[in-house]
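Me: I've just opened this one and I'd like to learn how to read it. Could you walk me through it, feature by feature?

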Amino acid sequence: MANVLGYNSVSSSSRDHVLLTETMHVKDKWLPERLPLFGEPILDRSYANYRQRFLRCASLVVLGVILSAGYFQYGRWHSCPSPPLVFKDVAPMPPEALQRTWAAYSPYYPTAHYESPPDDCVITQVNLLQRHGARYPTGGQTTRIQAPLQKLRGVRTYANASFDFLRYFEWDLGVSDMISLGIQQTFESGIEHYTRYRHLFSSGHLPFVRASGSRRVIKSAAIWADGISYASNDMYHPETSVILPEVDGANNTLDDSMCPNAHSLNKVPKTWRDAFAPTIAARFNEAAPGADLNAKDIVNLMPLCAFETLFHRATSPFCNLFTFEESEAHEYYDDLSRYYKTGPGNPLGPIQGVGYVNELLARLTSKPVQDHTQTNSTLDSSPDTFPLNRTFYADFSHDNQMVAIYSALGLFQRVDGRAPSAEEMNPGRRWRISRMTPFSARMVVEKLTCDGRSDEQREYVRILVNDAVQPLTFCGAGADGVCALDDFVESQAYARGNGNGDWAKCFESD
């Protein structure tokens, strides 16, 4: 099947058109030949040894699944926990608690043990929304990180021995592309989803896969499909059917680039930054006389701990320059930044997730898409590029767009309705980006058929984010997170109303 690159002008649906390109495969091309067993040191990075050890690891996973008693009954997977925090294969490594302060740059980890639906329910459809795997810093991030780094490296003599490594430091990070850990995360995700939902797979019902148009997202979709193929012993290999371009004028529900008037609101994040970062800057300037770092430099430099560690699979020396409490403070800075970028703290944040929500509603109800925001009307009206009869849908996206989609759905809201502020850092807060959109984050919407709950309702839904069942109280869900499909659709009034006027605000001139 050919990949489809869809373009749909924002201003006129009459200019919709579809471009067909050659299918992109990654099997035996992007997948590293060896992936380490959890807890196993990486002693040999040679190409030849990758495959042997990875096959042993994956075989153990599949064998363990097959031998699990009573794992598959009545079309339900009873218990399929995600693997533990992926990135712990080299010693010494940062503690998991520190890795989870890396916010959007945390390696994937399940935030709860996967719980199967109630005994009276059967999963009949799955909608997966997944972030790309771990990557290098983007071009913009690279520039922001290197500015304070150059200040530090320009110092003649360090007054603190912890900074001496900077004399010999060499930058060896790439830009934007996925790293080996990201490939591993994505491949394991494919194995996990096949194992958990294999009853939804058949030769006539392969997952329908879409990807946003950046290289790392396209690659993630293809490697995930390779995981499906591996777990099914090459019985099933889904292709990426639609790629939504990330270019001006292209309608894309998997990227946050279609609301020109949406800008990050920086007041609250900057207030928090100026509360915790100046002290760190003062300590750095004392250790590196003449560096003259400021609070902005500090928050730009701190993510280098994560990027270096994830790439090298060993603790970066930059991690040791900050205390755990300082890392927690920076995590909260990132949480605030996302909340006021595409989250509910920005008046034009949730609107950027509306198009995807309306596509989700169409799939759940098997009815044509009703949307006048980001959707591509040409693609979404065709059964070839937006089928409504599949049992598994997989979409690959970015973290900022996933935050917008969570916000449009009404997930991760405080019960009291209060927004996170610069005056307090609540350690028990629900709005925590490392739990929402780490690298390879995934939201799963399960459609269920349940017996005996109601004489009128038999179709239900529940939502999981990184394996944690979400409390859908806005549609009447109980402790099991299950609510009636009709009630869920009714609860999405903001999306069904095309943002209640917010979409027009994306294009209004002052």
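Me: Is Arg215 buried, exposed or partly exposed?

Reply: Let's start with the rule: buried means under 20% relative accessible area, exposed means over 50%, and partly exposed is in between, using a 1.4 Å probe and protein chains only. Arg215 has a relative accessible area of 44%, so Arg215 is partly exposed. Keep in mind that this is a predicted model, where local features need pLDDT of at least 70, side-chain atom pairs count only at pLDDT 80 or more, and totals for chains, interfaces and linings use all residues. Residues are numbered from 1 along each chain as its sequence is written, and side-chain values use heavy atoms, with hydrogens and water left out.

Me: Which residue forms a salt bridge with Arg215?

Reply: The general idea first: side chains of opposite charge can pair when their charged atoms come close. The cut-off here is a side-chain nitrogen of Lys or Arg within 4 Å of a carboxyl oxygen of Asp or Glu. For Arg215 the partner is Asp177, with the closest N and O atoms 3.7 Å apart. Arg215 sits in helix α5 (residues 215–231) and Asp177 in the loop between α3 (139–153) and α4 (180–197), so this pair ties together parts that are 38 residues apart in sequence. Asp177 is partly exposed too, because its relative accessibility is 28%.

Me: How do you decide what a helix or strand is, and how many does the protein chain have?

Reply: They're DSSP runs numbered from the N terminus: helices are H or I with at least four residues, strands are E with at least two. The protein chain has 16 helices and twelve strands.

Me: How many salt bridges are there?

Reply: The count comes to 23. One of them joins Arg210 and Glu359, whose closest N and O atoms are 2.8 Å apart. Arg210 is in strand β6 (residues 208–212) and Glu359 in helix α10, so that pair links parts 149 residues apart in sequence. Arg210 counts as buried at 2% relative accessibility, and Glu359 is buried as well, at 1%.

Me: Which residues are linked in a network of salt bridges?

Reply: Look for Glu192, Arg196, Arg442 and Asp467. Within that group, the side chains of Arg196 and Glu192 meet at 3.9 Å, N to O. Both lie in helix α4, four residues apart, which is about one turn of the helix. Arg196 and Glu192 are both buried.

Me: What about disulfides: how many are there?

Reply: A disulfide is a covalent bond between the sulfur atoms of two cysteines. To spot one, look for a pair of cysteine sulfur atoms within 2.5 Å. The count here is four. Cys121 and Cys450 make one of these, S to S 2.0 Å. Cys121 lies in strand β5 (residues 121–131) and Cys450 in strand β9 (residues 442–450), so the bond ties together parts 329 residues apart in sequence. Both Cys121 and Cys450 are buried.

Me: Is the disulfide of Cys121 and Cys450 right-handed or left-handed?

Reply: Check the torsion about the S-S bond: for Cys121 and Cys450 it's about 110 degrees, so the disulfide is right-handed. Now try Cys259 and Cys506, where the torsion is about -95 degrees and the disulfide is therefore left-handed. The link of Cys475 and Cys483, with -85 degrees, is left-handed.

Me: And what share of the residues in the protein chain is buried?

Reply: Buried residues make up 57% of the 510 residues.
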